[in-house]
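Me: Got a model to go through with you. Can we start with burial and then work inwards?

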Amino acid sequence: MNVYNAAKGAVTNFTRSLAMNYGADGVRVNAICPGFTLIDLTEDMKDDEPLLERFYEDRIPLHCAGQTDDIASTVLFIASDDARYITGVKAARYSASRRSQQ
């Protein structure tokens, strides 16, 4: 988990850095960090209800997995003119686990 967490932190800081470097040129840079999403890669977890319940309880405040449409709508918003003043942000679907906050 350490390498995974470090990589996520690197993406966040790199996003901010690029936004600062290229914002004056009209370039917006944002990161989409969707969290646990039901896709082909997570297919084997879908039927393990006890595992999912623990995962949702411990790590996802909304207590459900994301869908690909959730990610798509976030990307469409960030890419739209409605987000023209948004740059250097990490759009995340869920926060850190409660265990890491205790």
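Me: What share of the protein chain do buried residues make up?
Reply: Buried residues are 20% of the 102 residues in the protein chain. Buried means under 20% relative accessible area, exposed over 50%, partly exposed in between, with a 1.4 Å probe and protein chains only. This is a predicted model: local features need pLDDT of at least 70, side-chain atom pairs count only at pLDDT 80 or more, and totals for chains, interfaces and linings use all residues. Residues are numbered from 1 along each chain as its sequence is written, and side-chain values use heavy atoms, leaving out hydrogens and water.

Me: Which residues form the largest nonpolar core?
Reply: Five do: Phe36, Leu52, Tyr56, Ile60 and Ala65. A nonpolar core here is a set of buried Ala, Val, Leu, Ile, Met, Phe, Trp, Tyr and Cys residues joined through side-chain atoms within 4.5 Å. In soluble globular proteins, nonpolar side chains tend to be buried together.

Me: What does Leu52 touch?
Reply: Phe36, Met45 and Lys46, leaving aside residues up to four places away in sequence. Contact means heavy atoms within 4.5 Å.

Me: And how many aromatic pairs are there?
Reply: The count is two aromatic pairs. Rings of Phe, Tyr and Trp (its six-membered ring) pair if their centres lie within 6.5 Å; planes under 30 degrees apart are stacked, over 60 edge-to-face, the rest tilted.

Me: Why is the pair of Phe36 and Phe55 edge-to-face?
Reply: Because the planes of their rings are at 65 degrees, with the centres 5.0 Å apart. Phe36 sits in the loop between β1 (31-33) and α2 (49-59), while Phe55 is in helix α2, 19 residues apart.

Me: What about Phe36 and Tyr56?
Reply: That aromatic pair is tilted, at 6.4 Å centre to centre and 55 degrees between the planes. Tyr56 is also in helix α2, 20 residues apart from Phe36.

Me: Is Phe36 buried or exposed?
Reply: Phe36 is buried, with a relative accessible area of 9%. Tyr56 is buried too. Ring pairs link Phe36, Phe55 and Tyr56 into a cluster.

Me: Switching to the fold. What pattern does the protein chain follow?
Reply: Along the sequence, α-β-α-α-β-α. That comes to four helices and two strands. Helices (H or I, at least four residues) and strands (E, at least two) are DSSP runs, numbered from the N terminus.

Me: What box do the C-alpha atoms fill?
Reply: Roughly 50 × 30 × 20 Å, along the principal axes.

Me: How many contacts join residues at least 24 apart?
Reply: 73% of the contacts between residues at least 6 apart in sequence.
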